[in-house]
Amino acid sequence: MAVSITIEPIVFIVDDDEAVSESLMWLVESVGLKGKAYLSADDYLAEYNPQNPGCLVLDVCMAGTGGLELLERLAAEEEAVPVIIMTAYGDMATGVRAMKGGAVDVIPKPFSRQGLLDCIKKAVVQDASNREERRKLRAFASRFESLTQRERQVFEGIVRGRHYKAIANDLCLSTKTVEYHRTKVMSKMDVDSVASLVRIAVALGAAQDNPGVATR
């Protein structure tokens, strides 16, 4: 499997009709996007690297691994690019299966070039947003991992809306010690407000109760 990585978005095209692939390559490159075409799902998988941003334009009916089979396989990949499904059949069952499989759009053939470009641009923007959210989540998780066990206990108490005195009672600590750990938590998590801490907790799934804002 290839390991090449690019930070420039790529419109990956998988269609076993060479003429269609070439036409789609011309279309995406005509608006300044980079494209890469494959004539089979297996060819795409052989070079698949989830770190490469962009989107995938995928035909449904192909020899070997079909488009929907590839879509469902990629659905298990957390960092897979958004997928746009192309189908010459346009039947409801195919569309429903594609959307359930994680496709962001289903385009029936023949399609409007501008309509496809609009879908591609939207998918590329969505992929960039998804990657930024995952980057932030990894940073949050890394900061949370840096907390000591006691700091995590104080963290959890704060994001659950517990007053500092209540946290102190829960942990058999003095209020002053809780405030000290709270300062360490805020520093390590790189936030300047409890509200920001709560948002991180929600993102990490750390707040099991309805979060509130702790006060003295």
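Student: Is Asp 170 buried, exposed or partly exposed?

Tutor: This is a predicted model, and in it Asp 170 is partly exposed, at 49% relative accessibility.

Student: Which residue does Asp 170 meet in a salt bridge?

Tutor: Its side chain meets that of Arg 162, with 2.7 Å from N to O. Arg 162 is partly exposed too, and its relative accessibility is 34%.

Student: Which residues are joined into one network?

Tutor: Asp 15, Asp 59 and Lys 109 are joined that way, through salt bridges that share partners.

Student: Okay, what about the total, how many salt bridges are there?

Tutor: The count is 11 salt bridges. One of them pairs Arg 97 with Glu 72, where the closest N and O atoms are 2.8 Å apart.

Student: Where do Arg 97 and Glu 72 lie?

Tutor: Arg 97 is in helix α4 (residues 92-100) and Glu 72 is in helix α3 (residues 67-74), so this pair ties together parts that are 25 residues apart in sequence. Arg 97 is partly exposed at 40% relative accessible area, and Glu 72 is partly exposed at 36%.

Student: Switching to helix α5, how far apart are Glu 132 and Arg 135 there?

Tutor: They are 3 residues apart in helix α5 (residues 113-145), which means about one helical turn separates them.

Notes. Residues are numbered from 1 along each chain as its sequence is written. This is a predicted model: local features need pLDDT of at least 70, side-chain atom pairs count only at pLDDT 80 or more; totals for chains, interfaces and linings use all residues. Side-chain values use heavy atoms; hydrogens and water are left out. A salt bridge is a side-chain nitrogen of Lys or Arg within 4 Å of a carboxyl oxygen of Asp or Glu. Helices (H or I, at least four residues) and strands (E, at least two) are DSSP runs, numbered from the N terminus. Buried means under 20% relative accessible area, exposed over 50%, partly exposed in between (1.4 Å probe, protein chains only).
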